[in-house]
Amino acid sequence: MSNREKTALPEDILLKIEKPERYLGNELNTVRKDKSKVDIRFAMAFPDVYEIGMSHLGIQILYSMFNRRGDTWCERVYSPWADLDRIMREKHIPLFALESQDPVREFDFLGITLQYELCYTNVLQLLDLSGLPLHAADRLKKNAERVPGTGMTADAEQASGEDALLGELPIVIGGGPCAYNPEPIADFFDMFYIGEGETVYDQLLDLYIECKKAGTTRKEFLLKAAGIEGIYVPMFYSPAYQKDGTLRSFGPDPQYPELPKRIRKQAVKDFSTAPYIDRPLVPYMRVTQDRVVLEIMRGCIRGCRFCQAGMIYRPNRVKNVEVLKKQAEHLLKVSGQDEITLSSLSSSDYPCLQELVTYLIDEFGKKQVNIALPSLRIDAFSLDVMSKVQDVNKSSLTFAPEAGSQRLRDVINKGLTEEDILHGAGEAFRGGWNKVKLYFMLGQPTENEEDRKDIAHLAQKIADEYYEIPKEKRNGKCMITISTSFFVPKPFTPFQWAVMYDPEDYLDFAATVSREVREMKNSRSIRYNWHEAYVTVLEGLFARGDRRVAKTIESAYRHGAIFDAWTEYWDWNKWLSAMSETGLDLAFYTKRQRAEDELLPWDFIDCGVTKKFLLDEWHRATIDGTVTPNCKENCNACGAMKYGCGICYDLVDGEKVPRKNHYREWAEKQAVVNAEKKAKFEAEKAARIAAQEAAREAARAAAEAAKAAEGEEGLS
Amino acid sequence: MRMRIKYSKQGLMKYIGHLDMMRSMQKLLRRTEVDVTFSEGYSPHMIMSYAFPLGVGMTSDSEYVDVDLNKSYRSRDLVRMLNEAAPAGIHFLDAREVPTGKGNKGMTQVARADYTLQFRQGHEWPESWKKDFKRFLSQPEIMAVKKGKKTEKEINLAPLIYQAAVCPEPHTVEGIADFQAESSGYLPGGIREAFDNVRQGDIFLALSAGMASNIRPELVMETFAKQYGYEAEEFLFHINRDEVFADPFSGDESGKHNFVPLIGMGKTVE
């Protein structure tokens, strides 16, 4: 009964806080090592609450990868939820890693994954509760440790001015999609890893061990690490600004001429043999993604012009289907999970999808394992599969047209025509479905009032498809749910130059859609909801901010801003006071149309896709309004080919041949294909309606004949 | 066949609530090759039922779950398979076949539960409590307020406390002694020691349990503390549930109890 299992939190705290399971580190398949026998202790943090962080695939991959190294022990850290946050500050309890329950400040690395901008205040929470100075520059000196959660120096004798040795405090390293514009949070990080973790981490860890054994200073190590491809050490780089506030120059400081001027994104070449999860962590409490995840593909072939993931994860690479089958079987067995899902940016583009899904259903369906299929295009195959794996009556279909009108869908290069949507919805309705979810974005470049109203019109056309089905064959009423988010321009997308709007404008856009929905014939079958507008503007500030935004983030954190992605903690007023206190001009970052020749804060990163390609795409979108083919149809020479792998090459007689750009021929052909598709859709629809009409006519005639016959009988 | 499975829930597992424990038991069963019976319908689930949910914060040596299986397993094989898939803190002790049918459900059979309580460090009462506690127990009537979700009612605890002892002798329970966690590499050092003195406690209570009248050990201690003026805050004790009993012959004329551990209602499959 005595409780000598080590927990960083005493029992009375664990029993008082919400969900103590978040802080125990006793999940199945956690890795435990003898800390005296490893050289590197790596704390891998997700700056949000446990349920969200535990659902993240990337951390689980890196967790397995690091722990394969005998000399490294990787553990996990999540943001303590607000209830525990308060207690830790009050009692000066240092932030701890879950597996060992040891304080983070004793670790060699604190890795923080940056999946969305709204976690930035939580990044500061992690540093602060760990007892680390928030600024990387302050961590260079000896005895820099702080009292957890207070920012106060831990030791009155400190600040000797002497350089800290490597190993005194953890190296704070950031990664993930937000690291592609690290500038707003650059002051807080010792380094960023730009790109996919599977490539140069070993090199970095080896260097760390070597330097620590040699007794180098923290600064010397950082300088050496900055020479590794893909590693960006912000303290050695400086921006200079023009009078109008835009960037004049950016690069390594003059005393470090050997440092690279551009940081090159890292990408895995052979995706099938890249490290994957060895033994998935199985949490006790319910988390957002509580299932086995199979990553089938990385990168996307469809260049939607708003989508950052579609650009930064290029080139598109697929995992061998036989490898996936083995991984599925192994991961289900060692986890005991009852659900498996596929992960990619667009699963329908996976070449062996049919083979893989059929295998999963045949092999695991009989063992009562659920197969979840997200991000599938609606077509005959996906409908057939879905009717096998889910209850048609309960499940809903999801479309993401992103824009209401065909004009705007072409501007954003969505590559989805109205016929595709209506045909897919019609097929699904005839297959028994009656619920549809539609996702759109508002506030995109060139968008006008008509485009917004067309969102409602598209929903009505989908409703028409449903009510076209004869009443006796329908499955009750249909329910179409429209959700709109507000568009945020992201770095390394063709829309990175675009303007944003004021929160009030966004709410007006939503009001237009809402009014138009109410005008629709089947408005009672259409539901509409929209996202927060103020959060969108903050996200926009962070996404395209520069180094000067850091002091605003720090100020907001000092005012108590935290968990900004959570409605219950979101507080716009804290941000307003932080902006006015630090003299930040929000409009400069959000409402300004960037000039095409402007030096952007993230231009020093080479993400594979060239700025010229992005600019051509921006022109095609806003000047011509024309679409660009996907990577399978044509190589558009975006720049990602230099990674030497993936979709950029065809295999001809066992040899890798670079793909070619023949846009003109494609465009001519595509015009014909689209016209044919439209004609076919309309002809089919006309035929269906005619057939129904004829059937109704025949029924009426039969009824009349019967009536007539009855009348005759009555007479005789 | 329906198997009654007995396991202990120790260590950090005490923070895992009943619903999460149920989900994790299903995952555990999936990690074994045990052929569990599923219900019919669109979302099939394993046919299993728990005898007596354990509150968060309590440890136990006697958790019971009845599971329906599609084929027959020897008791010892089943226990071995389950232990191979068990996470740290869960240890399977026994598995026996029980008859199906409503009256044979573990939940309806529960009649008594034994607990060992230990003061949390720094919360010990002054020595005088031992004498006072004996006095408290010797009263013919011990009135307590039992709080339900909505209702509050007064009940007499005296006939529902079957046994109570101060500072019981340490003793071991079958199955705990052969706890393999450390040698199998699941747990870091030091845990073994924690399990060895699991039975050392300050108070032993045998209380009425189950659907008819369920008395929580906390209620007994709170009632005592209030009557005699001792600190009565929440989580004063570590509490371990030692055993859960059925009372299969309670209906006969003698009016006497014949408590049998819940596992004793089943038959070992050889």
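Select domain 1 (38-233) and domain 2 (392-544 + 611-627) of chain A, whose bounds come from an automatic or database domain assignment. Six residues of domain 1 of chain A are in contact with seven residues of domain 2 of chain A, a contact being a pair of residues whose C-beta atoms, placed from the backbone, lie within 7 Å. On the side of domain 1 of chain A that touches domain 2 of chain A, four residues are nonpolar, one is polar and one is charged. Here Ala, Val, Leu, Ile, Met, Phe, Trp, Tyr, Cys and Pro count as nonpolar, Asp, Glu, Lys and Arg as charged, and the others, Gly among them, as polar. The C-alpha centres of the two domains of chain A lie 40 Å apart.

This is a predicted model, in which local features need pLDDT of at least 70 and side-chain atom pairs count only at pLDDT 80 or more, while totals for chains, interfaces and linings use all residues. Residues are numbered from 1 along each chain as its sequence is written, and chains are lettered from A and ligands numbered from 1 in the order in which they are written. The model scores ipTM 0.88 and pTM 0.92.

Next, select residues 353-364 of chain A, which form helix H10. Helices (H or I, at least four residues) and strands (E, at least two) are DSSP runs, numbered from the N terminus. Colour A:Leu353, A:Leu356, A:Val357 and A:Leu360, the buried residues of H10(A). They lie on the same side of the helix, because they cover an arc of only 95° around the axis, taken from the directions from the helix axis to the C-beta atoms. A residue is buried if 20 or more other C-beta atoms lie within 10 Å of its own, exposed if 12 or fewer, and partly exposed in between. The cover over these buried residues includes helix H9 (321-335), strand E13 (339-343), strand E14 (370-372) and helix H11 (380-389) of chain A.

Most residues other than glycine have a negative phi, and most peptide bonds are trans.

- A:Pro315 is joined to A:Arg314 by a cis peptide bond with omega of about -5°, and sits in the loop between helix H8 (309-312) and strand E12 (317-318) of chain A.
- A:His92, in the loop between helix H4 (82-91) and strand E3 (109-113) of chain A, has a positive phi of about 55°. A:His92 counts as partly exposed, with 14 C-beta neighbours inside 10 Å.
- A:Glu402 belongs to strand E15 (residues 397-402) of chain A and has a positive phi near 65°. A:Glu402 is buried, with 22 other C-beta atoms within 10 Å.

Now turn to chain B, which has six helices and eleven strands. Select domain 1 (2-108) and domain 2 (110-265) of chain B. In chain B, 24 residues of domain 1 are in contact with 22 residues of domain 2. Strand E1 (2-9), strand E3 (59-68), strand E4 (90-98) and helix H3 (106-109) of chain B each give two or more residues to the domain 1 side. That side of domain 1 of chain B divides into nine nonpolar, ten polar and five charged residues.

The mean for chain B is 86, and 86% of its residues reach 70 or more. Over residues 173-198 of chain B the pLDDT is below 50.

Conventions
The expected span of a helix is 1.5 Å times one less than its number of residues. Two residues are in contact if their C-beta atoms, placed from the backbone, lie within 7 Å. pLDDT is the predictor's confidence in each residue, from 0 to 100.
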